[in-house]
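Open the model in a viewer and keep the selection tool at hand. The stops below follow one another, each with something to select and a note on what is there.

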Amino acid sequence: MILHRYIFAEMIPPFALNLVFFIFVFMMRQILEITDLIVNYQVGGVVFLLMLFYSLPYFFVYIIPMSVMMAVLLAFLRLSNDSEIVALKAGGISVYRFMPPVLVFGLICALFTGFMTVYGMPWGRSAYKQLAFEVVRSNFNVGLKERRFNDSFDGVMFYVNNIDPASGALMDIFIDDHRSEETRIAVTAPRGFMFQGETQASINLRLQDGVINQVDLADRSAHLIRFDAYDLQLDFNDAAAGTSKGRRNEKEMHFSELKAYLASAEEQDKRYYSALIEFHRKFSLPFACIALAVLAVPLGAQAQTTRRSAGLGIGLMAFLIYYLLLSAGLVLGETGLAPPVIGLWAPNVIMGGAGIWLLIRTGHDRPLDLLSVFRRTTAIILRIPRKS
């Protein structure tokens, strides 16, 4: 138990450092998207922090398995470089005795990742979309740009030439209304004002002294109507506003909702496969914590002369292979070329199987010189003639 507690304690500091580092890396893309909202709609710091907080569950499901692998790898690299593993083996302790704390550590992280996939990720996505919608809805006049086509409304393309900064009046307005399949409507007006609509997802536009051009596609007739005042209700587009008035997205569904949809689906269409992928993702990604932790033990224990920087590269390379396998499985699952259960679970089986194989080699004192393998592979690649 002293050995187990010692190894467990060795994994905690690198896990915390890697978790913070990968959160920062993954958040950079999200920060750019949130910064765009801040610049366009002038939202405050509280909204910025809330959006980052709502994004965390989605990133955690990928960051935690990666951090687990790097923590185990760096811990065993440290033990190996300080010859502690050699000393333990000389004392009659097998490499298999190192596994209990690693498995416990991986299991704890897998349970937390499972909580994120089952509860955290649907909640975070829904809350993020709702907050983004509130930002766009409440500050749409601020975010409206001059001389730029705007498609934030359902079935309506909106264009404003100028905006009066003092009164907020819209000048030289053009609207392409294609909400009806039977008619197309084009509205032009020299002046207009925006105000809150009947619902939170709509805005009313009051136009003055304009013209309505209406084309009936069925009987190929056209009508022109002049008006002094005309009120037009515009409903926010689901994608642009960040909300969904209809069915919930598969990634926003909770576990019970996914099960109910999969049980009641009448046909195996694209949405069915997407829901099935989300169902298996809730279990396969947490299990990756254990599979990658098992792989990291022999990688760290065998590299006795490897520096920590090189060990970091080995870990990132291994996780890159896992991510490529996972991406290929997602593509095959979404297209229906392979069952989603195979696409989502095959990376865990491959990486975990490789870890068990390397662990057995390490247990029989048949180490694999990973750096030599990488050097030989690089040399072979450099010898390949390239076409000019």
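Accessible areas here come from the Shrake-Rupley method with a 1.4 Å probe. On that basis the chain exposes about 20800 Å², and carbon and sulfur atoms supply 62% of it. Keep in mind throughout that this is a predicted model.

**The whole chain**

Begin with a cartoon view of everything. There are 11 helices and six strands in the chain. Of its 388 residues, 43% are buried. Among contacts with a separation of 6 or more, 67% are between residues 24 or more positions apart.

**The largest nonpolar core**

Select Val68, Val72, Phe76, Phe105 and Tyr322. Within the largest nonpolar core, which has 65 residues, these five touch the most other members. Now colour the helices that build this core: H1 (2–41), H2 (45–81), H4 (99–138), H8 (270–302), H9 (308–335) and H10 (340–363) each supply at least two of its residues. Which helix gives the largest share? That is H2, with 21 residues. As background, nonpolar side chains in soluble globular proteins tend to be buried together.

Leaving aside residues up to four places away in sequence, Phe76 touches Ile7, Ile85, Phe98, Val102, Val297, Gly300 and Ala301.

**Aromatic pairs**

Show the rings of Phe, Tyr and Trp next. The whole structure contains 17 aromatic pairs. One of them joins Phe76 and Phe98, with 5.9 Å from centre to centre and 50° between the planes, a tilted arrangement. This pair links distant parts of the chain, as Phe76 is in helix H2 while Phe98 is in the loop between helix H3 (84–90) and H4, 22 residues apart.

Then select Phe26, Tyr58, Phe59 and Tyr62, which form one aromatic cluster.

Switch to a surface view and select Phe21, Phe24, Val25 and Met28. Together these residues make a nonpolar surface patch of about 400 Å². Met28 is found in helix H1, and its relative accessible area of 38% makes it partly exposed.

**Salt bridges**

How many salt bridges does a search of the whole structure find? It finds five.

Select Glu84 and Arg78 for one of these: their side chains meet with N to O at 2.5 Å. Glu84, at 22% relative accessibility, is partly exposed, whereas Arg78, at 14%, is buried; the cut-off for buried is under 20%.

Move to Asp176 and Arg184. They form a salt bridge whose closest N and O atoms are 3.1 Å apart. Asp176 has a relative accessible area of 21% and is partly exposed, and Arg184 is partly exposed at 36%.

Next, select Asp231 and Arg206, whose side chains meet in a salt bridge of 2.8 Å, N to O. Asp231 lies in strand E6 (residues 221–235) and Arg206 in strand E5, so the pair ties together parts 25 residues apart in sequence. Asp231 counts as partly exposed at 42% relative accessibility, and Arg206 counts as partly exposed at 37%.

Which phi does Asp172 have? Its phi is positive, about 55°, although Asp172 is not a glycine. Asp172 lies in strand E3 (residues 170–177) and is partly exposed, with a relative accessible area of 39%.

Asp209, another residue other than glycine, also has a positive phi, near 55°. Asp209 lies in strand E5 (residues 202–216). Its relative accessibility is 54%, so Asp209 counts as exposed.

Conventions
Residues are numbered from 1 along each chain as its sequence is written. This is a predicted model: local features need pLDDT of at least 70, side-chain atom pairs count only at pLDDT 80 or more; totals for chains, interfaces and linings use all residues. Side-chain values use heavy atoms; hydrogens and water are left out. A nonpolar core is a set of buried Ala, Val, Leu, Ile, Met, Phe, Trp, Tyr and Cys residues joined through side-chain atoms within 4.5 Å. Buried means under 20% relative accessible area, exposed over 50%, partly exposed in between (1.4 Å probe, protein chains only). Helices (H or I, at least four residues) and strands (E, at least two) are DSSP runs, numbered from the N terminus. Contact means heavy atoms within 4.5 Å. Patches are made of residues with over 30% relative accessible area and no salt bridge: like charges are joined within 9 Å, nonpolar side chains (Val, Leu, Ile, Met, Phe, Trp, Tyr) within 5 Å. A salt bridge is a side-chain nitrogen of Lys or Arg within 4 Å of a carboxyl oxygen of Asp or Glu. Rings of Phe, Tyr and Trp (its six-membered ring) pair if their centres lie within 6.5 Å; planes under 30 degrees apart count as stacked, over 60 as edge-to-face and the rest as tilted.
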